[in-house]
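Subject: Structure for your files

Dear colleague,

Please find the structure below, with the sequence alongside. My notes on it follow.

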Amino acid sequence: MTTNWSSEDVVCELRDVKATAAAIDFSGRFLLLSGRLATSIIDLNNPQVVVKKILRKSRWEVGVAAWNFHYDYRHLIAIGSNQRVDILNFEYNTTDLVDNGHSIKGLTRTVLDLDWNNTDPGLIVTCSVDNYVNIWDYKDLRKPVASLPSVCGASQAKWSKTGKNFLATAHEADCKIWDFRKASTPVEYISAHSSKVNGIDWNPNNANQLATCAQDPYIKVWDITALKKPEVVIPVSAPVWRARFAPFGEALVTTGIPQLHRGDTKLSVWALNDVIAPIHQFSGHTEGVYDFFWRPLRYNEYQLVSWSKDQTLRLWKTDSSIQKQCGAAYLNHTIVLDYHHHDFTENASQRGKENYPSSMASSMFSADGISPPSSAVSPLDKELRSIDIANVTVEDVDLKLRVCAVNVNAGQHLVKLHLSFPLGYPEISIPSFQINTETTLNANAVKQLTHSIKGAFERCLKNQAVSVVAGIRTVIQFLANLSADTSPSPRLEIHPAFISPPTPSPKPAVSPWVNPPPSASRYAAQRTQESPLISAATAKLFGKPGVTTSFQSDTVIPFPRICGACFAGDKLVMWSDAWKLGMSSGGARVMLDRGMSGIFPSELSIRQRQVRRQLKKKGKAERSSIVVYKVDGLLSVHPLLAAGYSNDCMNPTRSFIINADLAEKYERRDLAHVWRLLAVTLSTAQYPGYNLPSSDTDDAPWSLHPFGRKLVDSVINYYRENYDSSFLATLLCILCRSGSPSPPPPAPSPSPEKPLLSLCRDSRAVKSASLLGLEARMSSSRGDEAMKLWLQSRQPGHLRSNSWSFTSEDRSSPFKRLSEEYIQSFPETYLLDPERKLEFDLYKKEYCDLLYGFQLLNKRAEIAKCLGSPPEPHKGVEFLSVCHNCSCDNRGSRCFRCNVIAVSCSICRFPVRGLSTFCLACGHGGHLNHMQTWFETRTLCPTGCGCSCLEALKLP
Amino acid sequence: MSQIQVLSRVNSGHSDLVHDVRFDHFGTSLATCSSDRLIKIFQVQKDEHAGQTFSHVADLKGHEDAVWQVSWAFPLHGTVLASCGYDRKIIIWRQDGRQWSIVYEYVHDSPVNCISFAPFDLGRLMLAAGASDGTILVLSYQDDGTWAMKKIPNAHGLGVMAVSWGDPFFYPLNGKRGDTVTARLASGGCDNMVKIWRENGDNGAWPEESRLDGHTDWVRDVAWRINRLFEHTTVVSASQDRKVLIWRHDGHTGWTRDVLKVFDDVPWTLSFNPTGSSLGVFWGTNSMTVFRDSNGQWLPITETPSEDEENLGDESGHNTTSFSNGSHEAAMVNH
C-alpha cells in the first residue's frame, strides 16, 4: 500500500538550466546540473539561485556527470558527453567552476556511465558500447590505466563504495564484477536479468550487496558472495531506470525511465524486507526523473534531491517514519554516514580514507540510550525458552547474535523461519525474519505469509509485547487455512499506479488473512497523521469486504471512467456520474487537478465526496444519469429507407422506381434523383450487347456507354464517400444479375433447370427496349458531350479508345455476332466491374451487418443471398440435417459430434429449436414463422440457392 | 429532422457510480456496471408508442468490487456478456431463458480496466481485456467448450486503459481484401502510446505490429473504425492531454497522424456509430461532440448540450446539418 501525497520541502523550477545530467558533491551542498548549453552549480541551501554557470559549446547532450566524493579531490567533476569526458574544477572557496581543458578523448563511442573511485580517488571509470571498460587516472588522461575487456559494451559501471578495487559493470542483461588489478577477466559473472540492465548500485553499508534494475522489469539485490540466486527480487510493473540504496536501513529508491514520455515520474522507496509494494512514493514530478541523490541534513536526517526532465529540482523530506519502515527503526541512528557530516573546512586527511562504518560494529556504540542487553538473564532468552507449542521447535539459538530458527509443522506444510532480533526488540523494533526457501509453500503463499507475520509483529510492537509466539501462531493459522482452502489464493500484486483495496478473497469465511489484514493495519498506521476523513474512509475500506450493500465509493479507488457515450444501432447512450461528484461547476478543473492523488484525475477527493453526500441528502441523487438518445439522423443509412428498399434483381427498373419513390417520401431528394437516373439509364443494360436499341446490330455493350459502367462506378464511389451502404448494397444487388457472370444468359433453348429465369428475362428484354427511347432523350439533354463521345466510339475507327480488348478478327466484323459466350468471356460487358467483386461483397456484408443490427432480418437475407460466394449447393432430397457448426451429416436434431442443434434458420441464423420448415427441393429453411413471413411476398429461397421453394413443393 | 432526440432516461438504480453502459447489438438490451459491484440488465419496452422505456430485468452478481466495463458478444454467439473490474476478475455471463449464469471466470494479477468482444467476422468468439499491470489478455472460446488465453505482457507499462478490435478485413497479410480476415487489436495505456497488435495465425501469439506515438499523456480510449467500404482504416485515440488523434492507414504505406481536436477538457470515450460515418467524443463532465467524416475530413456536426438543459431534444437541433444537399448530380458528372 502506498501513499502518494507529496512531501517535498522545496520545489524550484530551473527552466533556463536545461540539464540532462546531475551530480552532487561530497557534502551534499552543491549540485551540478549539466545540459547541452551550459553547466550550472546550484547551492542546495538556496536552490533558486544558480551559483555559477559556464556555457558549453557542444553539439551533444550531456549524458552523465559525476562528482568526486573524496575530500582531497572534491573539486573534480567529470562530465560525459558523446565520446568525451571533461574534467572540471570547482573552487570551493570562490564557488567558481573552472574548465582547465582536461578531458578524456581517447574514446570511440558515447560515454554511457562514469564513476569516481571513492577510495583511490584519482581513478575514474568510463564505459560505452565498445569493447572496453576503461579506468583512467586523473593525473594522466591520455591513456587508460586499465581496460577491462567486454564483448558487448557496458552501460553502467560503478566502483564499490567500500572495497577499493572492485567494480561492477552492466552488459545488456548481465552484470560483471571486476577486480581492476586483474583486468583480464571478471571476478564474478551474474546473469542478472532477462533484458537490459538499466542501473546498478552498491550498498554503501554492506560491501557485498549489489542492486540491479532492468527492463524486464525486476529489481534484484545480490549478495556477491552467493550469486546463485538474488537475495531479494522485487517485481515491478514498469522498467526501472535507477535503483539505489538509501543511506538508512535496508531500502532502495527507484525511478522510472525518464526518456519515456511520461512513464513513472515517481520516486519509490522500497524496503527490502517487504517488497510487495513500495512503502512510500514521492510524487510531484510531472516528467521522468533524470537523477536523484541523498543529501544528509542533520544527524540521521536526509533529504532526497531529485532532478527531473520537467526541469524542476525537488528536495524531499524523508521523515523518520519512512526510515523506520525501511527497517532502520533502531539501527538507523548509527548507520549514518558520518563521512558526510564534516564541514569542508575540517582536516581533510581523515576524509576519504575511512571506510563506512559497518552497521553491526557501530550498533554496538549506539548512543541512543538503549544499552546493549546485559549478560544476566536475557529477556529474549526467556521468551524463546517459553515457546511451547505443538509441532513447533526452536533451534540454532544464538543469543549473542540474537538469532534463532523456528520450525513450524502444521496442516501438511513445513515452514522454517529464521528470526533475527535487533537490539531494539521488543520495545521499538520488530524481529526481522526470513522464510526458509526450502518450504513446501509456493512463492505466492510465502509472500502472503511474510505479510501476515509482519503484521503480527507490528501489532505486538504497538502493544509493547513480545512477538515471537504471536508470529508462530500466525504461521500455524495460515497453514491451517491454507490446507482448508485448497483453492488458489488470490495473488495480490499491487501496481504502483493503483492504490489497491484489500483483496476481497473469494471466500471471506476461510480467508487466509489473519484478522485484520496486515496491509490494513499498515495502511491505517501510515495514514494516522492524515485528516480524520481519510482515516474514516480507510476504516470503511478495510472494514468489511464482501458486504455488498454497505460498500460505497468512499474509498480512494482510481476510476478508469465515470462518464462516456456509446453508439448502438440507431441509438446513443450517454452516462455521466461526474455531476454526482459535484463536478458540474468547474468540473474540468477538479478532474484535471492532480493535487492529492495525482494518479487518476477522476479519483474522488474529499471535497468531492462531501459534495456528493450533500447532494444525496437533498435527494438529487435519484436523478437518472443514463440517457438514451435516438440518433438515426446521424447514421448515413436511414433505417426506414433500409426497410423499404426494393432490391429485386429480376426487375431492376421497377426496383429503381420504388426506391426513388421511397427516398422522396423520406425527404431524401438526392437519392430519389439518383434512383430515377439509374432507372432510365441502366434498364437497357440488362442484356449487354444484344438488346440494344434500333435496328443496327453493331452496338457496343451498354456497359461501355458513359452512362454504363462509368456512371455506376461514379455513383458507387460517391455514395461510398457518404457511407451510404444501404444505397450501395441495394444497387449492387439489383445489378447483381447483370453484373456478375454467375447466372447463365438465356440459351436458345431454355435449360430445363431454370425455366422461370429465362422466361423472366425475356419479358424484361421487351420492357427495357421500350424504355430506351426515354433514355436517349434524357442523355441528350443531360450529357451531350458524353453521348457524342459514345456515338463516336461506336464508329469502327474509334474502337481502340474504348479499352476494348478485341483481337483483329473481332475488329473486322465488330459486334456482329455477339454471342453469349462472348459476353461471358469479356468482363467489359458487365455493368459492375468484376475485378471489384470482392470489394462489392464487402459492401454488401457491411450493409448486412447494419440490417442485422436494425433487426431487419429478411432484408439482410435478401442482400446476403446476392453475395458473390453463394452457399454450397445442397444435393438431393434427404432428411439429413447438416450441422451448421461442424458440417457433418446428422439424422437427429442435434449434431452428434459437437452436440449443438444442427439446424440453423436461413433467416435469423439462430439454431432452430421449435417448429421448423424446410424446402424439400433445396433443403433450406428454418423457423416456421420466419419462413412464412418470407414466402408471403417471395417465391425464391432466402439462401440464394436459386430454388423456387414454393413452386418446388407443388411438383408432383 | 433533428439529429439527436432524447428517447429515454434510464434510472439505473445503482447505489454507486456507474462506470459503463453498453447496448447490445440490436439496441434492445442495456447493460450497466457500477462501483456497487453489480451489473444490471435493462430491456427495452416498446409498448407505449410515445417512446421506448427501459425496464430493469436482471442483476448480475459475481464481482467483488467495482465493475469497470462490460461488453456484449455478437448475438449469434448467444446472449453473452463479459465484464471486468477492480477485483481483478474477468467474468463471462450467459443468458439462458431468463436466467443469467457465469460460464467463465478468470482472476488476473491486477485490476482489469477494459474489455471488448471481437467482431463477428473473425469467426470465433474472442475477447480482449487490458489490465492495470500492463497486460492484455486475449481469450478465445474453443470447440471443446474451454477458453484459451493468450497474454501480451507489458503491452503498456503502468496499465492498459482501452482495447479495441481491428477491422477484420483491413490489410490482409495474404490473400485479397475481402477474402481473408486478420485479427488485430488496438490498445492504449498509461505509457501514452497506442499500439497495434496482430494475431500470428501460426502460433496464436500477438506480436506488436505498430506503435503509434503522439500523445503526451495517458491514453484514455481507443476506437478502431470497422467499415468495409474503404480500403484504408482509421483508429482514433483520446488522451488525458485533451487531444483526440486520428490515425489512418491506407493499407500500404503506414500510419499517418492527424489531430482531430484539442478539447477544453479531457476526452473520456470514443465511439463510432454503426455505419462508421460519425465519431462521438465524450469529453469533460457532460459534453459530447459528434464528428462526421466527409472525404477524410472530420467535421463537428453536433454537440449535445449539457444535461442540465431541460429541453434536450429541441435544443440539440440547432446545429443540425442536413445530409442531403443538391449537388449530388454535379458531383457525379464531374467524376
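**What was found**

Chain B has 335 residues, and 56% of them count as buried. Please keep in mind that this is a predicted model. In secondary structure, chain B holds 2 helices and 25 strands. Taking its contacts between residues at least 6 apart in sequence, 44% join residues at least 24 apart.

Between the chains, strand E35 (residues 626–630) of chain A runs antiparallel to E1(B) and is joined to it by 5 bridges. Within this pairing, A:Ile626 lies opposite B:Val10 of E1(B).

The other item is a helix pair in chain A. Helix H14 (residues 725–734) and helix H20 (residues 837–854), both of chain A, pack with their axes 9 Å apart and at an angle of about 120 degrees. H14(A) and H20(A) are therefore oblique to each other, and the crossing is left-handed. On the H14(A) side the contact is made by A:Ser725, A:Ser726, A:Leu728, A:Ala729 and A:Leu732; H20(A) contributes A:Phe840, A:Tyr843, A:Lys844, A:Glu846, A:Tyr847 and A:Leu850. By type, the residues of this contact are 7 nonpolar, 2 polar and 2 charged.

Regards

Key:
Residues numbered from 1 in each chain as written. Chains lettered and ligands numbered in written order. Predicted model: local features only at pLDDT ≥ 70, side-chain atom pairs only at ≥ 80, totals over all residues. Helix = DSSP H or I, 4+ residues; strand = E, 2+ residues; numbered from the N terminus. Buried ≥ 20, exposed ≤ 12 C-beta atoms within 10 Å, placed from the backbone. Contact = placed C-beta atoms within 7 Å. Pairing = 2+ DSSP bridges. Axes fitted to C-alpha atoms, helices over the stretch in contact; angles between N-to-C directions. Parallel < 35°, antiparallel > 145°, perpendicular 65-115°, else oblique. Left-handed = near helix turned anticlockwise from the far one by under 90°. Nonpolar A, V, L, I, M, F, W, Y, C, P; charged D, E, K, R; others polar.
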